[in-house]
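Here's a quick briefing to read with the structure open beside you. Take it one topic at a time.

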Amino acid sequence: MQDVGFGYHGGAELLSNVTLSLQPGMFHFLTGPSGSGKTTLLRLLYADLLPSSGRIQAFGHDLADMGRDDIATLRRRVGVVHQDTQFLDHLPVAENVALPLNIAGQHVDMDALRDLLGWVQLSQQARALPPELSGGERQRAALARAVILSPDLILADEPTGNLDWDMSMRLMQLLIELNKSGKAVMVATHDLNLIRATKAQVAARVLRIAGKSLQSAGADL
Amino acid sequence: MKRADFRGLNLRALWRGLLRGDGGAGDRIVPPTGFTAQLTLFSAGAMAFLAVFALALALATGRLADRWSNQLAQSVTVRVSAPLAQQEAQTQTVLQILRTTPGAGQPRLLPDDEVAELLAPWFGPEMPVDALPVPALIDLPIADSDFDSDGLRLRLEAEAPGAVLDDHTQWRRPLVSAATRLKLLGVVSLLLIAATSGAMIVLAAKAALAANGQVIRVMRLIGARDLTIATAFVRRFTHRAAIGAGGGTLLGMAAVALLPDMQAAGGFLTGLGFQGWDWLLPLLIPVVAAAVGFFATRWAALRMLRSVR
């Protein structure tokens with residue numbers, strides 16, 4: 001991301017001159033007050049939005065030069081978890097989690113799927129429909145769906161927003177495990193306690209959006 | 001439409017989708033919508049039912065036009081009007097002329113009972129033909145293409161002034177023209193039915209896409225291409241259009257088969273329906289309906305998906 005600026009509907013810029021590089025194995029926190037542009041920055045990273053100015057390169061390709069199909073392919077290398085992650089409510093959890101494999105035309109290995117659901121502690125809920133899940137279960141199902149294609153980058157937008165502390169830490173533990181396996185992880189959150197607790201376990205860089213630009217949060221956390 | 005769009009035109013998957021009730025695993029991404037599904041089925045069925053009748057009309061009027069055109073062109077009628085004392089002599093003269101006319105077949109003087117039959121609709125069955133100054137009528141079949149009706153007309157004018165040649169052109173042309181237009185009307189009706197079906201399916205597909213915004217957002221997030229998303233809807237609507245049209249076509253064919261036989265009662269409606277191999281033609285209607293459903297949904301879905309990032 002090089003000198004990126006963005007304003008909704010061509011209006012005033014929400015982000016300005018943002019430069020950021022996400023490398024494999026890095027863990028980033030993105031923080032800042034509500035409305036500062038954390039979600040916008042993540043959406044720019046997975047090409048849900050295009051920058052008003054500057055350039056974004058992903059896996060060696062400039063997003064501005066990518067067609068719709070190329071962007072779809074790019075998203076298979078980026079796992080996204082939202083605070084209010086949506087599912088196909090008429091399909092069981094297991095099918096929702098396996099959906100990226102179906103979309104990518106890959107074989108669904110049922111054993112691997114069971115292992116994945118076990119990893120996020122949703123084995124018992126495999127046949128449940130998403131509306132039957134609790135907030136924490138939904139977030140873990142979203143994480144399982146986000147990582148099933150073994151993406152290179154995981155973006156999580158306030159993934160613990162609806163969760164209690166224990167469940168939040170459980171989710172962060174999963175993200176830390178993924179990071180340790182070489183995935184780049186970026187978590188947008190305004191929960192400083194969560195950042196501090198995670199930093200105790202993993203070398204995480206904390207970025208803050210302030211005044212439309214991205215700054216390093218430094219050691220004050 | 002970009003060429004790349006046809007990469008997803010998987011005919012095997014489409015055929016599987018048509019045969020399977022749930023349209024296959026890919027179709028499961030679109031939630032079942034009972035009421036919309038029933039409406040699409042009903043619309044496709046109703047349109048197919050109407051299409052069967054439009055097809056029957058087009059085929060029947062085509063046959064009618066051919067029959068009128070051919071049958072009436074195979075003979076001419078000569079009417080001999082003369083004072084009673086000269087009627088017999090004039091008629092014999094005309095018969096002699098006709099027998100020596102190149103290309104003409106054997107002339108036949110219509111007996112009184114046949115003339116009475118022809119006049120019965122106007123004068124009733126008990127009319128005494130011999131008591132009226134009814135002209136003699138001679139039916140002359142045309143044997144080959146040497147027959148020259150204009151030449152015969154001139155010869156009759158010269159040698160038998162009371163004789164008038166009627167080659168049926170005067171009333172045959174408007175009848176053939178009417179039948180041809182009816183056939184055209186049937187074809188236009190079929191095209192309109194296909195276009196209306198397409199429009200209805202486009203509307204239904206757009207409604208389904210709009211109602212499934214969450215599905216589209218989820219699919220986009222996990223890296224689905226527009227074509228993948230569109231295909232799920234395409235299979236669903238193609239399946240519904242084919243099944244609905246299949247039912248409507250069968251009902252339409254049954255209704256046509258049960259039409260009363262008008263052979264004896266009314267000449268115009270004689271033969272309305274299908275004959276012989278024509279019965280196979282309506283079976284194409286579900287195939288066409290599936291094709292209309294396929295392309296209409298595909299067009300609507302890709303257009304809508306491309307309008308949003």
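Predicted model: local features only at pLDDT ≥ 70, side-chain atom pairs only at ≥ 80, totals over all residues.

Residues are numbered from 1 along each chain as its sequence is written, while chains are lettered from A and ligands numbered from 1 in the order in which they are written.

**A helix pair in chain A**

- Start with α3 (residues 93-103) and α5 (residues 135-147) of chain A, which pack at an angle of about 30° with their axes 7 Å apart. Helices here are DSSP runs (H or I, at least four residues; strands are E, at least two), numbered from the N terminus. Axes are lines fitted to C-alpha atoms, for helices over the stretch in contact, and angles run from 0 to 180 degrees between N-to-C directions.
- That makes α3(A) and α5(A) roughly parallel to each other (angles under 35 degrees count as roughly parallel, over 145 as roughly antiparallel, 65 to 115 as roughly perpendicular and the rest as oblique).
- On the α3(A) side you'll find A:Val93, A:Asn96, A:Val97, A:Leu99 and A:Pro100, and they meet A:Ala141, A:Ala144 and A:Arg145 in α5(A).

**Nonpolar cores**

- The largest nonpolar core has 118 residues, and A:Ala144, A:Leu155, B:Ala205 and B:Phe233 touch the most other members. A core is a set of buried Ala, Val, Leu, Ile, Met, Phe, Trp, Tyr and Cys residues joined through C-beta atoms within 7 Å.
- Helix α2 of chain B (residues 34-72) gives the most to this core, with 15 residues.
- There's also a second, separate core of 15 residues, which includes B:Val76, B:Val80, B:Leu98 and B:Ala163.
- Setting aside neighbours within four places in sequence, B:Phe233 is in contact with residues including B:Val30, B:Ala205 and B:Thr297 (contact means C-beta atoms, placed from the backbone, lie within 7 Å).

**A look at B:Ala232**

- B:Ala232 sits in helix α8 of chain B.
- B:Ala232 is buried, with 23 other C-beta atoms within 10 Å (20 or more count as buried, 12 or fewer as exposed, and in between as partly exposed, with C-beta atoms placed from the backbone).
- The C-alpha atoms of B:Ala232 and B:Val30 are separated by 6.7 Å, though the two are 202 residues apart along the chain.

**Where chains A and B touch**

- Chain B puts 16 residues into the contact and chain A puts in 18 residues.
- On the chain B side, α7(B) gives the most, with six residues.

Conventions
Contact = placed C-beta atoms within 7 Å.
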